[in-house]
Amino acid sequence: MKPHKEASQQIDEMVSAEPLVCNEADDRGVQEPFTELQRPQAKNDSSSRGQVVLFISVVFLYWFSSYIYVPILSPYIEHLGASYTYLGIVLGSYGLMQILFRLPLGILSDFMEKRRPFIWLGLAASALSGLMFAASGQLGWALTARAMAGIAASTWVVFTVAFSGFFPKHEVTRAMSMMQFTTVTAQLTSMLVSGYLVERWSWQLPFWLGGIVAVVALVLALFLREKEPDPARVPMTLQDLAPVMRDRTLFRVSFLSILAHCVLFITMFGYTPNQALDLGASKNDLAWLTLSFMLPHAAATLFAGRTLVSRFGERAVLTVGYVGTAVFTFCIPVAPSFGWLCVTQIFNGLAQGLVFPLLLGKSVAHIEPSKRATAMGFYQAVYAIGMFMGPFIAGWISSAWGLAGGFRLAAYTALAAGVLAFWWIRAETKAAVSAASGKPHGKGTVQKNV
């Protein structure tokens with residue numbers, strides 16, 4: 001990723017409002033550009049405004065097509081006759097492709113000084129993923145289709161680079177806010193309708209719709225403009241990763257993020273929908289399951305950094321988030337009804353929402369500005385390991401001991417992460433504030449690096 005001061009600063013500002021995907025998924029959150037942001041010459045140029053509207057539309061359709069089948073994916077694979085072991089392989093392939101392709105695609109885009117071809121690649125991969133799911137109905141093609149979705153997700157960082165180019169430097173945060181809001185809106189909207197489509201029509205309809213929406217987005221993306229490259233920009237290389245990879249705090253935070261993504265892709269983005277159907281929920285009820293998790297998760301990202309961290313410190317909030325995740329994940333297999341399962345997801349979404357934005361911010365907070373973008377690239381590439389290993393190992397365990405075994409694995413993983421967070425992340429103190437600023441003890445705090 002590029003050494004860019006403004007883009008690095010906006011990470012800290014946006015961290016408390018990071019969306020799920022990780023993810024990401026959330027698959028969830030603010031993505032850092034790889035290259036120097038390219039700026040239009042005229043701030044209020046009408047064609048630039050038109051490009052912003054067009055780009056926002058493409059982003060909405062991109063995430064809509066990728067997430068419309070997520071709530072029903074694991075039940076559908078099981079419906080095709082897959083064992084839990086094979087289901088884990090299918091779910092894990094999404095993360096594996098991001099491990100393999102996310103960083104190389106960003107570096108290649110930087111080297112070529114082109115954005116549109118990679119945006120087209122992401123949309124085409126998303127379209128192929130949905131259409132292969134819909135047309136085949138076979139387990140082998142399901143694995144290929146999910147892997148294709150992972151390739152599509154690997155191009156997301158290029159989207160953020162291109163979109164940031166439509167804004168002047170002092171409005172980078174605003175640009176990322178727009179992308180964040182669009183991402184969360186598209187993900188939540190698509191996930192809420194998927195269960196209804198299956199209940200009302202068929203398993204295949206969400207996949208068909210996802211593929212068609214991605215094709216529409218690809219057609220719209222053909223009209224996006226390519227920005228002129230900045231001759232003063234120094235492209236990122238693999239050699240840039242070596243210094244930041246040796247940073248102890250970045251390594252520890254990245255490892256904690258791997259564990260967090262393991263839990264997320266075992267539970268809500270993995271096997272929790274299967275548990276809901278086993279409890280007698282209808283496919284349409286999966287919308288309530290999604291809503292139970294997503295709304296508290298989004299709310300937690302808004303106040304975790306702004307309110308809780310300033311009052312209790314990062315170590316306390318991270319530890320509570322992980323331990324809370326462990327407790328309510330333990331409750332998933334013992335929930336006696338679908339209603340109680342939704343209750344576990346309310347608190348699970350809240351607890352996980354405390355973790356992801358804080359890890360994102362801490363991954364770069366101590367890094368010097370010129371290296372923050374590279375550190376973010378490493379962080380994003382590494383946490384995809386959790387997207388792969390979590391559902392893969394849980395699938396093998398679930399085949400031997402049932403779904404309860406997989407959920408217990410997720411719970412123990414979250415508990416271990418809580419212990420590591422408490423051990424690794426040093427507490428903030430008022431004395432540190434005084435030492436750092438020379439001011440009397442006050443409400444502000446300064447985080448000590450591990």
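Predicted model: local features only at pLDDT ≥ 70, side-chain atom pairs only at ≥ 80, totals over all residues.
Reader: How are the axes of α11 and α13 oriented relative to each other, roughly parallel or roughly antiparallel?
Author: The axes of helix α11 (residues 248-278) and helix α13 (residues 314-330) come within 12 Å and cross at roughly 25°. Angles under 35 degrees count as roughly parallel. The orientation of α11 to α13 is therefore roughly parallel.

Reader: How many nonpolar, polar and charged residues form the contact of α11 with α13?
Author: Helix α11 passes α13 in a left-handed crossing. The residues in contact are Leu-256, Ser-257, Ala-260, Val-263 and Thr-267 of α11, together with Tyr-322, Thr-325 and Thr-329 of α13. By class, the contact of α11 with α13 has four nonpolar, four polar and no charged residues.

Reader: Are α3 and α11 roughly parallel or roughly perpendicular to each other?
Author: Helix α3 (residues 70-79) and α11 have axes that come within 8 Å and cross at roughly 70°. The range of 65 to 115 degrees counts as roughly perpendicular. Helices α3 and α11 are therefore roughly perpendicular.

Reader: How many charged residues does the contact of α3 with α11 have?
Author: The crossing of α3 with α11 is right-handed. On the α3 side, Val-70, Pro-71, Ser-74, Pro-75 and Glu-78 meet Phe-269, Gly-270, Tyr-271, Pro-273, Asn-274 and Leu-277 in α11. Seven nonpolar and three polar residues take part in this contact, and the number of charged residues is one.

Reader: What orientation does α5 have to α7?
Author: The axes of helix α5 (residues 116-136) and helix α7 (residues 156-164) come within 9 Å and cross at roughly 135°. Since angles over 145 count as roughly antiparallel and 65 to 115 as roughly perpendicular, the class that remains for this value is oblique. The orientation of α5 to α7 is thus oblique.

Reader: Which class of residue makes up the contact of α5 with α7?
Author: Helix α5 passes α7 in a left-handed crossing. Phe-118, Ile-119 and Leu-123 in α5 meet Val-158, Phe-159 and Ala-162 in α7. With no polar and no charged residues, the contact has six residues of one class, nonpolar.

Reader: How far apart are the end C-alpha atoms of α4?
Author: Helix α4 (residues 84-112) has 29 residues, which at 1.5 Å a residue should span 42 Å. The end C-alpha atoms agree with that expectation, being apart by 42 Å.

Reader: Where in α4 does a kink lie?
Author: Helix α4 is followed by Glu-113, whose phi is positive, near 60°. The kink in α4 is about 35° and lies shortly before the proline Pro-104, at Phe-101.

How values were computed
Residues numbered from 1 in each chain as written. Heavy atoms only, no water. Axes fitted to C-alpha atoms, helices over the stretch in contact; angles between N-to-C directions. Helix = DSSP H or I, 4+ residues; strand = E, 2+ residues; numbered from the N terminus. Left-handed = near helix turned anticlockwise from the far one by under 90°. Contact = heavy atoms within 4.5 Å. Nonpolar A, V, L, I, M, F, W, Y, C, P; charged D, E, K, R; others polar. Expected span 1.5 Å × (residues − 1). Bend = angle between axes of the 7 residues up to and from the residue.
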